[in-house]
Amino acid sequence: MQGVWTPDQIRAAEQRLFTRTPEPQVMRRAAHAVSVHAVRLLAECTGGVAGRHATLLVGAGNNGGDALWAGTFLRRRGVGVTAVLLAPDKTHPAGLAALRRAGGRAVAADGPSPDTSGIGAEAADAVERADAVIDGIVGLSGRGGLRPTAAELWRRVTAPVVAVDLPSGVDPVTGAVDGPAVLADVTVTFGGRRPCHVLGAGAVHSGDVEVADIGLDGYLPEPELHLLDAAEVGENWPVPGPEDDKYTQGVVGVAAGSATFPGAAVLASGAAVQATSGMVRYAGPAADVVRSHWPEVVATGSITDAGRVQAWAVGPGIGTGASGREVLLHVLESGRPVCADADSITLLANDPTLWDARDPDAPLVLTPHAGEFARLAGGEAGTDRVSAARDVAARFDAVVLFKGNTTVIAAPDGRVLVNDSRHAWPATAGSGDVLTGLLGALLAGGVEPWLACGYATFVHSLAAELAAGGGRAAGGARSGGSARGPAGPGVAPADGPGRGGTFRVGAPIGASALLAAVPDAIRSVREAAFRAAFR
Ligand SMILES: NC(=O)C1=CN([C@@H]2O[C@H](COP(=O)(O)OP(=O)(O)OC[C@H]3O[C@@H](n4cnc5c(N)ncnc54)[C@H](O)[C@@H]3O)[C@@H](O)[C@H]2O)[C@@H](O)CC1
Ligand SMILES: [K+]
């Protein structure tokens, strides 16, 4: 599992590090890592390094200092470097002196300009003609969107971008973007990811995040957030062992759908079938339809005849009336782990007496989207979705999987996992029903609920991407080093509506296609685990 630390945690760790290693030395280490990635990007995007030109956007603080030192290292590789200074009076003095000594040039951002932008002609030229841009406008101390001069410079950037620490203009803590902000191809950060690299729009603006070692390891506390990787998901996805039969792997019960709306039942049951080799039971009015789609499901018309299960997935399409309430009550009283989604969340939010039916020892997972979350919480989540999810998890003693482009998974004890899918392919009707089925299967397989949410979300998101045939591409950032491709000198990036990963190839999918891709997604994470084990 990878960690994510808040700016305050990072700053405190840096202060402890500085008692052993002088601050300028740490900065040079950070800057060297930035220069390494800038060299890589230059080589990939222009086919060369020496003789190319990098432009540094330099703000008032240490983030600008990092950029200036990175420029100094680039000079040693024969790269022409121009620093555009946004606050000439406050520019990091040692960094600026070092760049000048190395033969780099510095120009003020504002100055006599041929237009009304206020950007000096030299600065405009340096930005527009750059082969690569290094964003050192603002880092951990950033607040709000880019200020006007920085925004005007950014508007002129067409070259690939390496952001220092984080893309300027993105809120370091929440990842929110509420003004102009840099869209980076690569963000080089130090010691560990910050929340803005994985939350909300910040995850997209960061592009590929590279974590450089600056010696912080021994000084960092428990991370604020956690991220899963494919290998970890694959290693822990339950598959049958030599001693297993259909019962020992855990039987999952699905209570979803209605006679008039059987789709949710088909999708949730199908997801459970694809996720587990054990047994799936379905109970509800869509039993015939479920059976016809998934003959392996043991389906019955009534929740009271469902038989024994090790976990329940309940809610999609059950309705918020009396029959839905009966189903939910039965499931909550079963004493089994429950994944409660969709209508069951609305039922719980509307009728607090339902909580009394719950066996306090049985884990409960709630999987709200924004509207359901607001109903549960009694108000909108706002921009700090992590704190909001943590509060609701503690309040209801449940694991809360708060859906969104970044899914936030909070446990009642305060642990938080995030899944920064950086694509929105799962935003399609019925995709939540698939997630519910996956989660039910993992809970029935005995996976710890917080992790089960993380594994299910990871596979769900990957299945959507595989089904869509997605990946970032033309006009956008590199994806696995491929999107911009190894273009020759002078080859412009392909046209596209965005930079920094905002444009994606692939085609929209429906939930059935997502569901069909689940086995491929599981196969892919298991392969990642296999490769990691033999690395
Ligand atoms: N403490 C250290 O020595 C180290 C810090 N590092 C770098 O230092 C950075 C933090 O440096 P600082 O604390 O000096 O602050 P920053 O460089 O993040 O910010 C500098 C100033 O920019 C201004 N600013 C805030 N929001 C802005 C916006 N939206 N647009 C334009 N200007 C804005 C503020 O006046 C702020 O004080 C980190 O992000 C990292 O890049 C690294 O060198 C590692 C070591
Ligand atoms: K930056």
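**View 1. Surroundings of His369 in the predicted model.** His369 touches Lys403 and Gly432, residues up to four places away in sequence not being counted; contact requires C-beta atoms, placed from the backbone, to lie within 7 Å. His369 lies in the loop between E15 and H13. Helices (H or I, at least four residues) and strands (E, at least two) are DSSP runs, numbered from the N terminus. His369 is partly exposed, with 16 other C-beta atoms within 10 Å; a residue is buried if 20 or more other C-beta atoms lie within 10 Å of its own, exposed if 12 or fewer, and partly exposed in between. This is a predicted model, in which local features need pLDDT of at least 70 and side-chain atom pairs count only at pLDDT 80 or more, while totals for chains, interfaces and linings use all residues. Residues are numbered from 1 along each chain as its sequence is written, with chains lettered from A and ligands numbered from 1 in the order in which they are written.

**View 2. Ala264 and the annotated binding site.** The unreviewed UniProt entry gives a "binding site" annotation covering Ala264, Gly317, His369 and Asp433; such annotations may be inferred rather than shown by experiment. Ala264 belongs to helix H9 (residues 263–275) and is buried, having 29 other C-beta atoms within 10 Å. Beyond four places in sequence, Ala264 touches Ala256, Gly257, Pro316, Gly317 and Asp433.

**View 3. Packing of helices H11 and H12.** Helix H11 (residues 322–333) packs on helix H12 (residues 343–350) at an angle of about 90°, the axes being 10 Å apart. H11 is therefore roughly perpendicular to H12, a term for angles of 65 to 115 degrees. Axes are lines fitted to C-alpha atoms, for helices over the stretch in contact, and angles run from 0 to 180 degrees between N-to-C directions. Gly324, Arg325 and Leu328 of H11 meet Asp343, Ser344 and Leu347 of H12. In H12, the buried residues are Asp343, Ser344, Ile345, Leu347 and Leu348.

**View 4. The open parallel sheet.** Seven strands pair in parallel in the order E4-E3-E2-E5-E6-E7-E8, pairing requiring at least two DSSP bridges between two strands. Strand E4 (105–108) and strand E8 (208–212) stand at the edges, each with a single partner strand, so one side of each has no neighbour in the sheet. The twist averages 20° from one strand to the next. Strands E5 (residues 132–136) and E6 (residues 161–164) are joined by three bridges, and Ile134 has Val162 of E6 as its bridge partner.

Note on methods
Parallel < 35°, antiparallel > 145°, perpendicular 65-115°, else oblique. Contact = placed C-beta atoms within 7 Å.
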